[in-house]
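Subject: A structure for you to explore

Hi,

Here is the structure I promised to pass on. Have a look at it first, and then read my notes below.

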Amino acid sequence: MSDAAPSSDSDLVLVERTVAGDQRAFELLVLKYERRIQRLIARMVRDVDLVDDIAQETFLRAYRALPKFRGDAQFYTWLYRIAVNTAKKALMDLKRDPTVAEAALRSSSDDEHETYRSETEPISHETPDTVLAAQQISEAVNAAMEALPDDLRQAVTLREIEGLSYEEIAEAMNCPIGTVRSRIFRAREAISAKVKPLLENQSGKRW
């Protein structure tokens, strides 16, 4: 809790300075949250070629709307809401061109598998079987995430990947907290249903 209030206060100061005409203040906000916004968008859109464009559009929309920010919510929660809405529009555009969407999905999925392996594989005690099992589980999780409806995928991404509280997710998605809990529960159930058979198959093997 000791870090939350100073961060929130410093964001508000930067917002006020930006509205007063200090462009450097907004640049600091972008630097602070750009990577988190990009990760969020990448989880929602999954098209690596669009992530930067959507992130830039998010910050542009935020900059234009900044005079309306009153500090009722934390700045990053407010910013996430803008990012979610911007990404939703991109998702709708992708669905209008399924060929592009499918190609982008394959590309981003391959990239994520590489990232997953480099970040999560143990340094030692690896075998071809354990590496394969980890890859299969990663692919199952990615496929389950992709199969989720947009609202479920957004909710579980904000919770599990970004670490937002239920209250913050409700604010970001502009829906009741009960709806957030329901979406996350349903998303977890759907992902578990895809991954559980793999875990059960692996549990009987001796590494």
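Let's start where two helices meet: L40, R43 and M44 in α2 are in contact with R153, Q154, T157, L158 and I161 in α7. Please keep in mind that this is a predicted model. Helix α2 covers residues 23-45, and its axis passes 10 Å from that of α7, at an angle of about 145 degrees. The crossing of the two helices is right-handed.

Now follow α7 itself. This helix runs over residues 150-161, twelve residues in total, and its first and last C-alpha atoms are 15 Å apart, close to the 16 Å expected at 1.5 Å a residue. Its buried residues are L152, R153, Q154, A155, V156, T157 and L158. Just after the helix, G163 has a positive phi of about 75 degrees.

Is R153 buried or exposed? Its relative accessibility is 5%, and buried means under 20%, so R153 counts as buried. What does its side chain pair with? There is a polar contact of 2.9 Å between the side chains of R153 and D150. A polar atom of the R153 side chain also lies 3.0 Å from the backbone oxygen of L148. Leaving aside residues up to four places away in sequence, R153 touches R43, M44, L91, M145, E146 and L148.

Which residues of α3 are buried? They are V51, I54, A55, T58, F59, A62 and A65. These residues lie on the same side of α3, because they cover an arc of only 135 degrees around the axis. The general rule behind such a pattern is that an α-helix has 3.6 residues a turn, so residues three or four places apart point the same way. On the face turned away from the buried side of α3 you will find the exposed residues D49, Q56 and R64.

Finally, look at N174, in the loop between α8 (166-173) and α9 (177-203). Its phi is near 55 degrees, a positive value in a residue other than glycine. With a relative accessibility of 63%, N174 counts as exposed.

Enjoy exploring, and write back with any questions!

Best wishes

Notes
Residues are numbered from 1 along each chain as its sequence is written. This is a predicted model: local features need pLDDT of at least 70, side-chain atom pairs count only at pLDDT 80 or more; totals for chains, interfaces and linings use all residues. Side-chain values use heavy atoms; hydrogens and water are left out. Buried means under 20% relative accessible area, exposed over 50%, partly exposed in between (1.4 Å probe, protein chains only). Helices (H or I, at least four residues) and strands (E, at least two) are DSSP runs, numbered from the N terminus. The arc is that of the directions from the helix axis to the C-beta atoms. The expected span of a helix is 1.5 Å times one less than its number of residues. A polar contact is a pair of N or O atoms within 3.5 Å; within protein, one must be able to donate a hydrogen and the other to accept it, and residues adjacent in sequence count only if both atoms are side-chain atoms. Contact means heavy atoms within 4.5 Å. Axes are lines fitted to C-alpha atoms, for helices over the stretch in contact, and angles run from 0 to 180 degrees between N-to-C directions. A crossing is left-handed if the near helix is turned anticlockwise from the far one by less than a right angle, and right-handed if clockwise.
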